[in-house]
Amino acid sequence: MSKQPSPQKDSNETALGWKFVIIVGVLSTIFLSFFYLAMTQEPDYMPGAQRKAQQEKALSQDASPATSEAETQHQDH
């Protein structure tokens, strides 16, 4: 008597294999998406971000008096 593997067992293994591949693909996509977003966004506490914020603040303070002086000169005429 020879034992032959049942065809149903092979189809179950194939279905489980495809489910595993799909689950790994979805989880990998989610992880890599979060990783990409974490690497592209620079946090506020990093030195580069602090310098950039200080430069923007300085530029806005320099621009504010210049516009107010121009407005007062324009109103005087």
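A residue is called buried when its relative accessible area is under 20%, exposed when that area is over 50%, and partly exposed in between, with a 1.4 Å probe and protein chains only. By that rule, buried residues make up 1% of the 77 residues in this chain. The model is predicted, so that local features need pLDDT of at least 70 and side-chain atom pairs count only at pLDDT 80 or more, while totals for chains, interfaces and linings use all residues. Residues are numbered from 1 along each chain as its sequence is written, and side-chain values use heavy atoms, leaving out hydrogens and water.

The chain has two helices and zero strands, these being DSSP runs numbered from the N terminus (H or I of at least four residues for helices, E of at least two for strands).

Helix 1 covers residues 7–40 and includes Ile-23. Ile-23 also belongs to a nonpolar surface patch of about 620 Å², made together with Ile-22, Val-26, Leu-27, Ile-30 and Phe-34.

The count of aromatic pairs is one. The rings of Phe-31 and Phe-35 have centres 6.2 Å apart and planes at 20 degrees, so the pair is stacked, given that pairing requires centres within 6.5 Å and that planes under 30 degrees apart count as stacked, over 60 as edge-to-face and the rest as tilted. Being four residues apart in helix 1, Phe-31 and Phe-35 are separated by about one helical turn. Phe-31 is exposed at 54% relative accessible area, whereas Phe-35, at 45%, is partly exposed.

Terms used: Patch = residues over 30% accessible without salt bridge, like charges linked within 9 Å, V, L, I, M, F, W, Y side chains within 5 Å. Areas by Shrake-Rupley, 256 points an atom, 1.4 Å probe, with all protein chains shown as cover. Salt bridge = Lys/Arg side-chain N within 4 Å of Asp/Glu carboxyl O. Phe/Tyr/Trp six-rings, centres within 6.5 Å; stacked < 30°, edge-to-face > 60°.
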